[in-house]
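Good morning, and thank you for making time for this presentation. Please have the sequence and the structure open while I speak.

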Amino acid sequence: MLSSNGDSVPVTTLDRPFHVMLKPIGPICNLDCRYCYYLSKEDLLFGKDKQETLTPPLSLEGRGRGGKWKVSEERLANYVGQYIEANARFGEVNFAWQGGEPTLLGVDFFRCVVDLQKRLAPPGVRVSNAMQTNGTLLDDKWCEFLAAERFLIGLSVDGPRELHDVYRVDKKGQPSFDQVMRGRELMAKHGVDFNALVVVNRRNSQHPRKVYRFIRDEMGCQFMQFIPCVERTDFVQIAPQTWDPKSLPVVGDRSAKPARGEDALVSEWSVAAEDYGRFLCEVFDEWIVRDVGHVFVQIFDVALGQWMGLGSSLCVFAETCGNALAMEHDGSVYSCDHYVYPEYRLGSIDERPLLEMVQSDFQRKFGDDKRDSLPRYCRECPVRFACNGECPKNRFIRTPDGEPGLNYLCAGLKRFFTHIDPWMRRMAAEVHAGRPASNVMNVARSQRAAAGFESVGANDLCPCGSGRKFKKCCMGKAGRPS
Ligand code: SF4
Ligand code: SF4
């Protein structure tokens with residue numbers, strides 16, 4: 001087997017495709033979101049002193065360039081070739097582009113990518129592309145291209161203006177909401193497929209329904225992801241799981257909560273564990289009475305898969321991981337996007353075949369440790385089958401009996417998975433019986449309505465959650481004249 005540059009590469013022993021998130025412009029971004037874990041990589045990996053002068057986006061000399069931060073053509077071709085070759089036997093190869101902000105490279109860069117993919121993909125192998133963007137630089141030219149090449153876009157948005165602009169600001173601290181919405185409109189106009197990626201942070205976690213309704217109704221988006229913002233204050237220098245175990249607080253301890261100040265363990269914009277759980281429960285309660293089958297919330301879909309015994313399609317809730325790596329513009333490959341630290345560098349694609357890095361003992365152990373390092377508290381947890389201790393990067397507190405390695409989000413995750421259990425059982429049973437999961441909405445509405453009919457007024461919103469007035473909805477069914 002030969003790679004695109006003619007070197008021999010190892011034969012795959014993988015039984016499923018692996019993923020690489022490529023950062024073709026490194027950590028460079030035109031925004032300066034307060035909670036971004038990636039902007040700091042500019043210093044950590046490449047060192048301020050090693051940089052020429054770079055104050056993005058000004059030094060990018062226009063959008064079509066990436067300066068020294070742009071992945072080289074040769075490296076790009078090497079990567080695309082190896083990635084296709086390694087995954088082609090699965091019939092489909094998915095590329096993921098992230099940053100920094102990948103659109104800073106300009107649309108012509110991605111035209112070259114697609115040309116490369118078309119040249120290198122064997123007949124019959126489907127190639128797809130997903131790109132995560134803040135959407136602020138999109139224009140007609142971009143959107144025509146994205147639609148024509150069927151890119152799936154993950155658009156970062158944190159809710160309506162007053163919630164989005166709290167943390168998602170540009171280099172001058174100016175809000176980005178209007179530009180993001182402009183990008184959304186352009187994508188809608190050109191028929192680009194997009195998901196909303198919501199970072200659930202300290203602020204928007206207080207407004208679950210407002211955020212959910214905004215994405216669903218105002219943005220008209222049927223696909224959404226809620227990603228918890230969890231940021232240790234020392235994350236810039238200290239790699240996950242290299243923490244001093246003695247320094248980890250016990251669950252429930254005040255120091256295990258977001259706070260201001262130098263002594264805080266978790267940044268003030270991180271979501272509190274309980275708030276994340278409450279956020280997901282409230283969104284779920286709205287979804288279960290009106291949106292099953294036509295609004296897709298990633299964590300709900302993944303949970304249904306878990307309740308059906310299919311395993312998790314999302315690494316954070318899978319038993320093991322290690323199948324989703326990250327590659328920097330300089331060719332360095334890391335164990336995971338959240339582990340872009342020297343300790344987790346597997347090598348450079350310029351020197352070591354990608355497949356060899358993916359199948360290395362180090363990477364296998366990295367993935368297996370997700371299961372093997374679970375504390376007893378998790379192993380005995382009734383919702384472990386769904387949670388699996390979530391992502392190891394967040395396992396920096398101790399269990400009530402003092403064992404390290406419990407997930408910071410535990411309280412919220414437990415609450416959420418326990419809350420949805422009866423509904424997931426019903427939905428799984430419906431699907432197993434060959435019926436649509438959305439049948440569950442009838443039961444949910446009846447229960448909701450029965451609980452709220454007594455005190456509701458004719459012009460109030462119906463307690464069943466339909467969004468209609470009571471008199472136009474369940475008032476008759478409730479035995480009251482409509
Ligand atoms: S470390 Fe976390 S984000 Fe990375 S692959 Fe494992 S579960 Fe996924
Ligand atoms: S809910 Fe908490 S105890 Fe249960 S598996 Fe998840 S992190 Fe572990």
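This is a predicted model: local features need pLDDT of at least 70, side-chain atom pairs count only at pLDDT 80 or more; totals for chains, interfaces and linings use all residues.

What percentage of the 482 residues of the protein chain count as buried? The value is 42%, where a residue is buried if 20 or more other C-beta atoms lie within 10 Å of its own, exposed if 12 or fewer, and partly exposed in between, with C-beta atoms placed from the backbone.

Residues are numbered from 1 along each chain as its sequence is written, and chains are lettered from A and ligands numbered from 1 in the order in which they are written.

The protein chain contains 15 helices and twelve strands; these are DSSP runs numbered from the N terminus, helices being H or I with at least four residues and strands E with at least two. Of the contacts in the chain with a separation of 6 or more, 70% join residues 24 or more positions apart. Two residues are in contact if their C-beta atoms, placed from the backbone, lie within 7 Å.

I turn now to the ligands. The residues around ligand 1 are C315, V316, C321, A324, C336, H338, K370, C391, P392 and K393. A residue is counted as near a molecule if its C-beta atom, placed from the backbone, lies within 6 Å of it. This shell has seven nonpolar, one polar and two charged residues. In that classification, Ala, Val, Leu, Ile, Met, Phe, Trp, Tyr, Cys and Pro count as nonpolar, Asp, Glu, Lys and Arg as charged, and the others, Gly among them, as polar.

Around ligand 2 we find Y377, C378, C381, V383, R384, C387, G389, E390, N407, C410, L413 and K414. Seven of these are nonpolar, two polar and three charged. Which helices each supply at least two residues of this shell? They are α12 (376-379), α13 (384-387) and α14 (410-432), and α14 gives the largest share, with three residues.

Helix α14 also packs against another helix. Its axis and that of α9 (residues 298-307) come within 9 Å and cross at roughly 70°, the axes being lines fitted to C-alpha atoms over the stretch in contact, with angles from 0 to 180 degrees between N-to-C directions. Helix α9 is therefore roughly perpendicular to α14, a term for angles of 65 to 115 degrees. From α9, the contact is made by A303, L304 and W307, and from α14 by I420, M424, R425, M427 and A428. By class, seven of these residues are nonpolar, none polar and one charged.

L186, in helix α6 (residues 177-190), is partly exposed because 19 other C-beta atoms lie within 10 Å. Leaving aside neighbours within four places in sequence, L186 is in contact with L138, D139, D140 and C143.

Q241, in the loop between β6 (223-228) and α8 (273-290), has a positive phi of about 65° although it is not a glycine. N388, in the loop between α13 and β11 (397-398), likewise has a positive phi, near 55°, and is not a glycine. Is each of them buried or partly exposed? Q241 is partly exposed, because 17 other C-beta atoms lie within 10 Å, whereas N388 is buried, with 25.

Terms used:
Angles under 35 degrees count as roughly parallel, over 145 as roughly antiparallel, 65 to 115 as roughly perpendicular and the rest as oblique.
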